[in-house]
Amino acid sequence: MTAIHVTGLTKRYGDLVAVDDVSLDVAEGEFVGVLGPNGAGKTTLLEMVEGLRRPDAGGIEVLGEAVWPRNTRLQPRIGVQLQASSFFERLTAREQIRTFASLYGVGQATADAWLERVGLTDKAETRVEDLSGGQAQRLSIACALVHDPELVFLDEPTAALDPQARRNLWDLLSSINDSGRTVVLTTHYMDEAEVLCDRVAVMDHGRILQYDSPAALVRGLDAPARITVAPGVLDTETAATIDGVLETDEGVDGVVLVTREPTAVLGTLAASDRLDGVRVQTGTLEDVFLALTGREYRA
Ligand SMILES: Nc1ncnc2c1ncn2[C@@H]1O[C@H](COP(=O)(O)OP(=O)(O)OP(=O)(O)O)[C@@H](O)[C@H]1O
């Protein structure tokens, strides 16, 4: 079944077209990322799909129901992560999630189990304003899930976290999707989209430029692979004679071999015992963004 069906969705703020004729389907159980730089229109798009912001044009169906005019039947079936700044003030983490639970008629034991699942049991008595950025994000994710929604929306769940804290959250985010729940998240971070998402919608200036799996987006680039051999292992003249090598380059990390046949080139390197310390790079979503927009990606 289709979890989200969006057609021709448009939202204007005065002269600015924040979301411009967007059509998008999300299948049930899918983990979808909306990826784009600041101001791309990600939040506006999500808020319309969540039923929080009224579109100027277009249709939105969520879990088989029309979202507009406001459809309260959908509320118990979807979870929306609030920004940590929207917590009830001066409550402890446990009081916060229990309050959310009670709004949905969910028992305290379930709320406490979610606190455990996101690793916050030892912070249960800490006031929300005293949680670290990562802890606050985990609490807001738990609050969005406490009523066991079929579909959950996360708006930049790892924003403002350091790289380690972001990676720590990825396991939690992917586990949310394990039980077949549909997840839609927005992110600035290419690596996050690449690791977590089944499909990524690349958004810029209100439009979805491409929507596919990270691997397919990168494959579509048709970019050659770059194989870096550790320094001192190979000189550029020899490297250039290897079958399948298109270009060579001497970098600080060693000699770089550019090729469209990485398997064959790696085979040749292995046969001459030169594989130690080899690094293989293929295209990334950053290359995809550059190819689609002509601009370097700036999160
Ligand atoms: N309420 C509003 N009134 C006027 N303009 C708005 C409003 N909300 C958003 N915008 C503008 O619409 C555009 C899209 O904003 P939006 O917040 O949807 O982007 P975003 O991709 O989520 O950005 P970020 O990653 O920075 O959150 C931006 O240019 C923004 O300034």
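Reader: Which residues surround the ligand?

Author: This is a predicted model: local features need pLDDT of at least 70, side-chain atom pairs count only at pLDDT 80 or more, and totals for chains, interfaces and linings use all residues. Residues are numbered from 1 along each chain as its sequence is written. A residue is near a molecule if its C-beta atom, placed from the backbone, lies within 6 Å of it. The ligand is surrounded by Tyr13, Leu16, Ala18, Gly36, Asn38, Gly39, Ala40, Gly41, Lys42, Thr43, Thr44 and His188.

Reader: Which element supplies the largest share of the shell around the ligand?

Author: Helices (H or I, at least four residues) and strands (E, at least two) are DSSP runs, numbered from the N terminus. Strand E2 (16–27) and helix H1 (42–50) each give at least two shell residues. The largest share, three residues, comes from H1.

Reader: Are H4 and H5 roughly parallel or roughly antiparallel to each other?

Author: Helix H4 (residues 133–145) and helix H5 (residues 163–178) pack at about 10°, axes 10 Å apart. Axes are lines fitted to C-alpha atoms, for helices over the stretch in contact, and angles run from 0 to 180 degrees between N-to-C directions. Angles under 35 degrees count as roughly parallel, over 145 as roughly antiparallel, 65 to 115 as roughly perpendicular and the rest as oblique. H4 and H5 are therefore roughly parallel.

Reader: What percentage of the residues of the protein count as buried?

Author: Buried requires 20 or more other C-beta atoms within 10 Å of the residue's own, with C-beta atoms placed from the backbone. Of the 299 residues, the buried part is 37%.

Technical notes: Buried ≥ 20, exposed ≤ 12 C-beta atoms within 10 Å, placed from the backbone.
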